[in-house]
Amino acid sequence: MRIYADRDVLLHTDHGDIRVALAPNMAPNTAWNFRSLAENGFYDGTPFHRIVKFNREGQPFVIQGGDPTATGDGNAGYDLPLEPSELKHDFGVISMARSDPPDSAGSQYFFC
């Protein structure tokens, strides 16, 4: 069990700040992991390495970050078990990026 004050994570970028409101009630391990990495400086200096401005319908799509190598292959050195959530992948929602195995998330994240 983890007990901590619920608070947002603020990512500082070259194009302004992004305030991330975590949902520990929906995905507690994922929220704790993201917050812990951010608070401990893991994301400092990491770029958004994947930017897909529009999907096939012309709607805003995704930006992805959290890879310390900026190649799309880097991680925090561990994997998180899949933590299904009821949150829809909708505009502004943050999710953990993973490769094909369901338990492969770690540090990479993306914003819809």
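Let me begin with packing: the buried residues of helix 1 pack against strand 1, strand 2, strand 5 (94-96) and strand 6 (109-111). Please bear in mind that this is a predicted model.

The buried residues of helix 1 are T30, A31, N33, F34, R35, L37 and A38. The helix itself covers residues 28-39. With twelve residues, helix 1 reaches 16 Å from its first C-alpha to its last, which is close to the 16 Å expected at 1.5 Å a residue. Just after helix 1, G41 adopts a positive phi of about 80°.

I turn now to the charged side chains. How many salt bridges does the count come to? The count comes to two.

One of these lies within the helix. E39 forms a salt bridge with R35, and their closest N and O atoms are 3.1 Å apart. Both residues lie in helix 1, four residues apart, about one turn of the helix. In general, an α-helix has 3.6 residues a turn, so residues three or four places apart point the same way. E39, at 47% relative accessibility, counts as partly exposed.

Another salt bridge joins the side chains of R19 and D8, at 4.0 Å from N to O. This pair links distant parts of the chain, eleven residues apart: R19 belongs to strand 2 (residues 16-20), while D8 is in the segment before strand 1 (9-13). Is R19 buried or exposed? At 57% relative accessibility, R19 counts as exposed.

Definitions and conventions
Residues are numbered from 1 along each chain as its sequence is written. This is a predicted model: local features need pLDDT of at least 70, side-chain atom pairs count only at pLDDT 80 or more; totals for chains, interfaces and linings use all residues. Side-chain values use heavy atoms; hydrogens and water are left out. Helices (H or I, at least four residues) and strands (E, at least two) are DSSP runs, numbered from the N terminus. Buried means under 20% relative accessible area, exposed over 50%, partly exposed in between (1.4 Å probe, protein chains only). The expected span of a helix is 1.5 Å times one less than its number of residues. Contact means heavy atoms within 4.5 Å.
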